[in-house]
Amino acid sequence: MAGKTAPDMMAEPPTSDPGLPNPSSTHSFWHSPPSSFLHAHRTTASLPSSVKTIIIGSGISGSMLYHHLHSLGLSNATLMLEARNTCWGATGRNGGHCKPMLYQANAFLELCNVFGADETLKRIRFEQLNLELVKEYISVERVNCEWAESPSADVFYEPAPFNLAKQSIAALSRLAPDIAAHIRIVENRRELRESLRTPTAVGAVVFTAGKLSPYKLVSHILEKGVKYQGLNLQTTTPALSVSRSPEGKWAVATPRGTVLAERVIFATNAHTSHLLPVFRGWIYPVRAQMSALIPPKSLKDCPLTHTYGLVRNDRKTACYLIQRPIDEDGGGGGELMLGGGREFEERKGVGLQDNAINAGVAQSLRTSVAGYFADETGGKECKARMEWSGTMGFSRDERPFVGRVPPVGEEDAKRLGIPTMPDTKGLWMLAGFEGHGMAFTPGSAKALAAMIN
């Protein structure tokens, strides 16, 4: 495997085996409470001996893929294996944002230099498509998942990254004015103070995004699949290995037995290289941290009208924030779903899993609201309703892998100390979403289903 490496990635990503998802995970707010139907669900008491398709992973990638396979008439005899509980990985732990990065987080010029302008613009348009796909599915299916489309503000507190953002947007305006037309630069002090509620900011970049409970979205897709479309979902059933059987099918071994399948699809993100070791050094786990903060009275009486990227030094290390809806009785809800602080994490989270939180990161999130929204908290630290972590799947070139699993040649086999695998017909994957899965996976799943078809 070879390819271009994105501009700011480490020269040598870790090549160690990420292992299976840790069975002892932190408790995510989105899982409170978990789906009564899907939690600890096993559609059948025992595993089938043979199926047409196995999907490994029950997050947004696996669920959206199943949805698109069903739409194409390809979901007959599908088994979905989940190592832990339904949607217990990154999707059930993320920030609740579906946000296409129209100016690529200040990296537009760098990405154009590395990948070319055409490829970079394709990426942006693809992210725009994903927002539309999520919105369309939720509307057609009438999914109760707290979905709301709203303006999203990348708010900058230092001049240097804000100037870089403006340079990126100026270049985007020259190359793709239709995309740039969806972006608004805010420098007016009154708007920063009154509309965005960020009086100490130097400026902001505003465009459209969505917010939601990703867990509720996935729960809707999978509950419909199990109840009405023939999906067999098996939780706490990790895939241990995938190999060719004597019959020529793929044999997926689990602690509860081996299942044969004509095709196997890896929707395994951070843990992909455990089952596909050729991806060690290409897809690797990175821990991120989230918090559900109790809003100060001012933000409950008058909730935020935007979602946010909150930028101190670098847009790529920004905190990210949505505010949940206020409960109808006014007594609860409105939590500030704030994530980030990875620059304070050990090894910036690389190689870590979701079985723990970093106390320093947690404190930085609780205290940061007073700095970002200076007039709202009276300088006080916010109290956390819940704090948790999630394991993202990062990619060496900062782009997801979607398509047929590549064969393992002699060079990669020797380098990694693994067997060769020249024939991968029937093996497919979508993984490596860089913590940006909600803006990548719906379209990636639709494209992969079309490839399989």
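Guide: Two strands pair if DSSP finds at least two bridges between them. Strands here are DSSP runs of E of at least two residues, numbered from the N terminus. This is a predicted model, in which local features need pLDDT of at least 70 and side-chain atom pairs count only at pLDDT 80 or more, while totals for chains, interfaces and linings use all residues. Residues are numbered from 1 along each chain as its sequence is written, and side-chain values use heavy atoms, with hydrogens and water left out.

Visitor: What makes strand S8 and S9 a pair?

Guide: Strand S8 (residues 241-244) and S9 share four bridges in the antiparallel sense; the definition asks for at least two, so they pair. Ser241 stands opposite Ala253 in S9. S8 and S9 form a hairpin with five residues between them, and Gly248 in the turn has a positive phi of about 90°.

Visitor: How do you know that S9 and strand S10 pair?

Guide: Five antiparallel bridges link S9 to S10 (residues 257-266), and at least two are required.

Visitor: Why is Ser291 called buried?

Guide: Buried means under 20% relative accessible area, exposed over 50%, partly exposed in between (1.4 Å probe, protein chains only). Ser291 has 1%, so Ser291 is buried. Ser291 lies in strand S11 (residues 283-293).
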